[in-house]
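Subject: Structure handover

Hello,

Here is the structure we spoke about, with the sequence. My notes on what was found in it follow below.

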Amino acid sequence: SVIAFNLAWEPIALAQTPNASSDPSLATCPARKPVLRIAGVFTEDFSPHPVETRFSSTTYTWLHQVPLFGVDPWEENVDPAYGVAESWEFLPGLRGIKIKVRQGLTFNNGAAITAKDVAFSIKLFTTKFAEDQVAGALRGIGLTIVVVDDYNLRIDFAKGAVTFPQEFSPLVFPLYVTSETYHSNGEISQEAVEKFRANPLAAGPYKVVARQAQQFISLEAA
């Protein structure tokens, strides 16, 4: 089935569906359909690459990307129930943060989302391929990332960053997690970005199957 929505307001409930089965408060959300086509007129492009996702489309991005730090469906508060980070703890003096990755999450190809993918994604967001505002903010803090094991990592800050989870969630500058292996085995280059954009891999309840800049994006249940 194919559904068309006015992007100004309709898809809000659909953005909540990933956790509907585990959260009774979302039980009234409509059932997810095999194909979702979202149409509208915009001043921005639709890109399936996580570092190119525009801030104003976080509601729709949730359908095909997963943020490191999640926020509630109304995008009012940071909520660990909706992100890759299951929990986090600041290091003494706010000079870093320990992040625990939620187990059981996968990309659309079935590969598990691990701390290695989180570390790669953060690095990707500091490059010239990411939004200038996000990359600049991350570089300004000065990050040193250490992967502890498959589901734990530590990030040391050159400068204190008490608002790190809030600032790099969909409330401000969303960091979306992608696969290091699928992204040309961790290569960060124009060629790698273009290859990923042409054949995207995501971690949301849908995968990108078609898109036209400023016109529509079609998603398929995954």
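Helices and strands here are DSSP runs, a helix being H or I over at least four residues and a strand being E over at least two, with numbering from the N terminus. Please keep in mind that this is a predicted model.

Overall make-up

On that basis the chain holds 5 helices and 7 strands. From one end of the sequence to the other, their order is β-α-β-β-α-α-β-β-α-α-β-β. The chain has 222 residues, and 46% of them count as buried. As for contacts in the chain between residues at least 6 apart in sequence, 62% of these join residues at least 24 apart.

The sheet of β1, β7 and β6

An open sheet is formed by 3 strands, ordered β1-β7-β6, with antiparallel pairing. Which strands are at the edges? They are β1, covering 35-39, and β6, covering 206-212, and each of them pairs on one side only. From one strand to the next, the twist averages 20 degrees.

Within this sheet, β6 and β7 (residues 216-221) run antiparallel and are joined by 6 bridges. One of the residue pairs is Gln 212 with Phe 216, the latter being the bridge partner in β7. As background, strands of a sheet pair through backbone hydrogen bonds, in either a parallel or an antiparallel way.

The β2-β3 hairpin

Another antiparallel pair is made by β2 (residues 85-90) and β3 (residues 96-101), with 5 bridges between the two strands. Phe 90 has Ile 97 of β3 opposite. The two strands, β2 and β3, form a hairpin, and 5 residues lie between them. What is the phi of Gly 93 in the turn? Gly 93 has a positive phi of about 75 degrees.

Cavities

How many cavities of 30 Å³ or more are there? The count comes to 2. The second largest cavity has a volume of about 40 Å³. Its lining is made up of Leu 68, Val 118, Ser 121, Ile 122, Phe 125, Leu 175, Tyr 176 and Val 177. By residue class, the lining of this second largest cavity has 7 nonpolar residues, 1 polar residue and no charged ones.

Regards

Definitions and conventions:
Residues are numbered from 1 along each chain as its sequence is written. This is a predicted model: local features need pLDDT of at least 70, side-chain atom pairs count only at pLDDT 80 or more; totals for chains, interfaces and linings use all residues. Side-chain values use heavy atoms; hydrogens and water are left out. Two strands pair if DSSP finds at least two bridges between them. Axes are lines fitted to C-alpha atoms, for helices over the stretch in contact, and angles run from 0 to 180 degrees between N-to-C directions. On a 1 Å grid over the protein atoms alone, a cavity is a set of points where a 1.4 Å probe fits but cannot get out, and a pocket is an open set with protein on both sides within 12 Å along at least five of seven lines; lining residues have an atom within 4 Å of a point. Grid points are joined across faces, edges and corners, and a volume is the space filled by probe spheres set on the points. Ala, Val, Leu, Ile, Met, Phe, Trp, Tyr, Cys and Pro count as nonpolar, Asp, Glu, Lys and Arg as charged, and the others, Gly among them, as polar. Buried means under 20% relative accessible area, exposed over 50%, partly exposed in between (1.4 Å probe, protein chains only). Contact means heavy atoms within 4.5 Å.
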